[in-house]
Amino acid sequence: MAIAAAIVGSVAAGTASPVPGTPAPPQLPPVQARTLDERYTANRDYIADAERAAHRLGDSYREHHLRELHASGRQFLSFDAQGDGQAVEVLGDLATADRVVVLVPGSDTTLDTFDYLGSRQASLSGGAHALHDEMRRLSPSSVAVVAWYGYQAPRTMSRDVATTARADEGGHRLTALLGELRTANAQAPVTFMCHSYGSVVCGSALSRMDTRTSAGLAGAALFGSPGTGLRSTADLPVHVPVWATRGTQDWIARAPHVSVSVFGTTLGFGTDPTSPSFGARPFDAGNSGHSGYFEPGSLALRNLALIGLGRGPEVSGD
């Protein structure tokens, strides 16, 4: 109860509210292979509109980040510049890829941290680029990485980061994304890569899938995880490979693996995914810290790339 009380008493960081004058996202065609370019173009035009709006509103901070997101060659499957925003970026050719990886981020992800969160590799976009580069280095096959900021991520210093509420919403959306990816490319196996609180989102998605909604899912990798909300992989209604790791320098190791009900809210995420009782396949992340799993040249990045390529036997164990 002391742990629960401490969590309940945490200070909630504010979430950005939609600013009057920020344009709403465009109406987009359904995700299909033939509509991808149309969606990329529409979102690119929308980002430019949002950048101009931020300039008119005197929001130089958001304007700067939108300018970076509007850089030539970037492909956004969806985008929303309102409030903390939403952004789903595609690296590679989604329609023709042989393998697809979806990178699911943790707390503190917003439009303003999409490209940089303390360091380039710590951000969602930076991690996705590092993973995409490593997968292409290890394999001549065509690969696509989806940097999925498709849910309202909690702030680290907030009560939300200790509950499953944001993850439950994100789990619904992640399940829907899998269906969209299958529509765009029915042949490529899809792997979820779930960092920190993102592993709670993945746990939520996996726990609600069935044979139909999990079609095409090749597995999930959890890293830097505080838990998933699941007791073990045996609780999953679908059976796909689930991998788990934690770097030796990751502070998340000190997080309590509890799940308690307080005032009608469940706090904590239960079983440590790297423990034998959880039932995940262990893999080695070396001395990675919490934000270092995508560091170029690291063992963690190599193993994550091999998992994304479906080359499980080559993954080094923990």
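Reader: What makes the largest nonpolar core a core, and how many residues has it?

Author: In this predicted model, the largest nonpolar core has 86 residues. A nonpolar core is a set of buried Ala, Val, Leu, Ile, Met, Phe, Trp, Tyr and Cys residues joined through side-chain atoms within 4.5 Å. Those with the most contacts inside the core include Phe-79, Trp-148 and Leu-174. Strand β4 (residues 143-149) gives the largest share, seven residues. Strands (E, at least two residues) and helices (H or I, at least four) are DSSP runs, numbered from the N terminus.

Reader: What is Leu-174 in contact with, beyond its neighbours within four places in sequence?

Author: Val-102, Val-104, Trp-148, Phe-192, Val-201, Cys-202 and Ala-205. Contact means heavy atoms within 4.5 Å.

Reader: What makes Arg-120 and Asp-115 a salt bridge?

Author: A salt bridge is a side-chain nitrogen of Lys or Arg within 4 Å of a carboxyl oxygen of Asp or Glu. Here the closest N and O atoms are 3.7 Å apart, so the pair qualifies.

Reader: How do you know which atoms and residues count?

Author: Local features need pLDDT of at least 70 and side-chain atom pairs 80 or more, while totals for chains, interfaces and linings use all residues. Side-chain values use heavy atoms, without hydrogens and water, and residues are numbered from 1 along each chain as its sequence is written.

Definitions and conventions. Buried < 20%, exposed > 50% of the residue type's maximum accessible area, 1.4 Å probe, protein only.
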